[in-house]
Amino acid sequence: MGLASASTACEGMQLCIFDLRRGQNEGQELDKILFFFPADLPFSTQLSVIGLSEGLITFTRIFSPEAACEVIEAERHSHVFYEAETDIWMVMVVEKSKESEAIWRIDALRKVLKEVHSLFRMFYGSIRAMLEKDPSGGLSRSHLYPFIMDYLSALQKRSPLDNCCWDLLVGKKLWLPSFRDCLKECGTVQMLTVGREAAIEVQSLVRVLESCAGNTPCHSMILFHDLLVSTTLSPDDTINLFTYAVRRLTPNALSSGVSSWSYLRRGSTSSHFVSGFTLAQSGSVSEQIYHSSDTSPSGDNGNHVTRPLQHGKWSKGKDGFLVTDTWGVDVGGMVCTTPTIWLQQTEEAMYLCPYQYKNLTLILLIPVSSILNREEGVSLVKRQVIENASLKILKVEEKLSKGWGGENAYHVSGYRYLLIDGDRNISRASPPGKVTTLAKESLLALNNLREEVDLEKSRLKYDNTGGEKDLEVCIRAKNNAWAIARLNRGKELYMVLEKASETLLYASDAFEKFSNRYCNGAFTLD
């Protein structure tokens, strides 16, 4: 079994989830497979890929017992590892580009794996808990398979000529984050900058929202367009709920039918970074995965497996609250069951109650344990929100709209940039429409630069000193553009300058001006 043989049956990408604690006895090897994509590969091929992954994990632990394996580079493939939970591994095998330039950034691929797992836990709880509840593994598989396939395919952009009956799982090509996404950062939130008066109004609204649940401790999140305004959640829970809200709940998500997290796109098969395969599932796998009991926080859905990532399932009700039948309906079929999620920090089940007014989206989270009569209790809280918070919601939306600069509000002429605050998990970047104006050579240079920075950050992470290190890297692209990165005290700034003259001094001066004006001098060299 060799590294190059792991992906010969299907060009492009393979994704698997397996449990190292399972399938250790002869004849029980299939038990360790919790998810495999493409699902129609022979089980012998699936076991070959997972067996190789197990071997690599075991081998690297000999030399680095404290640091989990992250990536193994073979001649034709990259093997990307993520230990989602103890002994539960997610592995992505991607085919390398035939061109000389690297088009993938490994850290970006690992963050895809992390995002999949984080969202899964938000809706269903941990995979380990599922395996403990159902040691056969059927329960976890019945949720993992549709969830991840929905993650990959349900957010497909449809053209006006598409009919509603076409099959999402046939003839679609897989796009993973590539060099064209190097001015984006997965696993962060994008904040809206608000003035003092608007901030006071937002704080007042948050207090009113939380009072609508009486003495019950609840949480809230407020978004304007696709930007975060306020949150009372922990950082990890904020990222998870923000990610879902931007893809499913905001006005843009409800109206456009487009999502930036989907890795399935219509495209030309000649494109060098499109994985050429058809999404399909064998009958044996499909039969196995779609018939198992549900473990959603409400725990009353019988054999129904909720699929929260399916597209087009949310709509706005007459009262302003968003509704979906994804979690089921009541016995009479008239009232949709209120969605539920798990908070990672407290491991508490919460009712998910999103409300929308124009471009303002409010999300109220109410502890499931505090609502004794379920839907009636949730309806009572919603009525309190409408009665007590409507005027404040209107006022906040008006103030935020007056200060809104549009989709290009954070564009800086002459610059294409990405600013990351790692301590707060916040990022800000040039608008996507502006990034598309960059030449391919510029993006490839920045992608290579970010790969170098990722490697240095990884070394520092496992360094015995454990301290932060200031870093500056500059790369001259083939088209004479400059790609620059500076790291300082947990903050990172990446920039592409395509009109920065011939000298590094000119590019450095432009970088300093940006830092002083837009980053309070955080990246200015002393």
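A word on the ground rules. The model is predicted, so local features need pLDDT of at least 70 and side-chain atom pairs count only at pLDDT 80 or more, while totals for chains, interfaces and linings use all residues. Residues are numbered from 1 along each chain as its sequence is written, and side-chain values use heavy atoms, with hydrogens and water left out.

Let's start with the whole protein. There are 12 helices and 19 strands, taken as DSSP runs numbered from the N terminus (helices are H or I with at least four residues, strands E with at least two). Of the 526 residues, 52% are buried, meaning under 20% relative accessible area; exposed is over 50%, and partly exposed is in between, with a 1.4 Å probe and protein chains only. Taking contacts (heavy atoms within 4.5 Å) between residues at least 6 apart in sequence, 64% join residues at least 24 apart.

Now a loop residue. Asp 87 sits between strand S4 (77-85) and strand S5 (88-95). Its relative accessibility is 17%, so Asp 87 counts as buried. Leaving aside residues up to four places away in sequence, Asp 87 touches several residues, among them Arg 21, Arg 61 and Arg 128.

On to the aromatics. Rings of Phe, Tyr and Trp (its six-membered ring) pair if their centres lie within 6.5 Å; planes under 30 degrees apart are stacked, over 60 edge-to-face, and the rest tilted. That rule gives 15 aromatic pairs. Phe 59 and Phe 63 are edge-to-face because their planes meet at 70°, with centres 5.1 Å apart. Both lie in helix H1 (residues 43-63), four residues apart, about one turn of the helix. Phe 514 and Tyr 518 make a tilted pair, 5.1 Å centre to centre and 40° between the planes. These two are four residues apart in helix H12 (residues 504-518), so about one helical turn separates them. Phe 514 is buried at 2%, while Tyr 518 is partly exposed at 39%.

Last, charges over rings: NZ of Lys or CZ of Arg within 6 Å of the ring centre and within 35 degrees of the ring normal. Lys 382 lies over Phe 321, 5.2 Å from the ring centre, and Arg 450 has its charged end over Tyr 494, 4.5 Å from the centre of that ring.
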